[in-house]
Amino acid sequence: MDGIKKILGFVWILVALVVAYFGITVMGIPKLASGKQEDLVFGIIILFVLVPIVSGGMAIFGYYSIIGEYSDDKQ
């Protein structure tokens, strides 16, 4: 079971990278460059608030899974 947790840790880190890429290139930067005020506010919120929180949380979860923080020995 611990091996599966470590493999899924890598998966979580890869998902975090995909979410960060998608959030920056599809949701963040195009909204900042559109020129509309409502898009600008939405782009700032996406780029500077949501993307770091979501992708950072997923990456930290994956990192802890890789180093064995969720293993059965720790409990």
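Student: Which helix is Ile24 in?

Tutor: Ile24 sits in helix H1. Helices here are DSSP runs (H or I, at least four residues; strands are E, at least two), numbered from the N terminus. Keep in mind that this is a predicted model: local features need pLDDT of at least 70, side-chain atom pairs count only at pLDDT 80 or more, and totals for chains, interfaces and linings use all residues. Residues are numbered from 1 along each chain as its sequence is written, and side-chain values use heavy atoms, with hydrogens and water left out.

Student: OK, what does Ile24 touch, leaving aside neighbours within four places in sequence?

Tutor: Ile29, Pro30, Leu47 and Val51. Contact means heavy atoms within 4.5 Å.

Student: What about Thr25, where is that?

Tutor: Thr25 is in helix H1 too, which covers residues 2-33. Thr25 is partly exposed, with a relative accessible area of 34%. Its C-alpha lies 19 Å from that of Met58, 33 residues away along the chain.

Student: What radius of gyration does the chain have, and what would a compact globule of 75 residues have?

Tutor: The chain has 16 Å, while a compact globule of 75 residues would be near 11 Å. The radius is taken over C-alpha atoms, and the globule rule is 2.2 Å times the number of residues to the power 0.38.

Student: How much of the chain is buried?

Tutor: Buried residues are 21% of the 75. The chain exposes about 5300 Å², and carbon and sulfur atoms supply 74% of that. Those areas come from the Shrake-Rupley method with a 1.4 Å probe; for residues, only the protein chains shown count as cover.

Student: What share of the contacts between residues at least 6 apart in sequence join residues at least 24 apart?

Tutor: That share is 59%.

Student: Now Asp39, is that buried or exposed?

Tutor: Asp39 counts as buried because its relative accessible area is 16%. Asp39 lies in helix H2, residues 37-66. Leaving aside neighbours within four places in sequence, Asp39 is in contact with Lys31 and Ser34.

Student: Let's do rings. How many aromatic pairs turn up?

Tutor: A search of the whole structure gives 3. One of them is Phe61 with Tyr70, a tilted pair at 5.2 Å centre to centre and 40 degrees between the planes. Rings of Phe, Tyr and Trp (its six-membered ring) pair if their centres lie within 6.5 Å; planes under 30 degrees apart count as stacked, over 60 as edge-to-face and the rest as tilted.

Student: Why is the Tyr63 and Tyr64 pair tilted?

Tutor: Their planes are at 45 degrees, so the pair is tilted, and the ring centres are 5.9 Å apart. Tyr63 is partly exposed at 46% relative accessible area, and Tyr64 is partly exposed at 36%.

Student: Which residues do ring pairs link into a cluster?

Tutor: Trp12, Phe61 and Tyr70.

Definitions and conventions. Buried means under 20% relative accessible area, exposed over 50%, partly exposed in between (1.4 Å probe, protein chains only).
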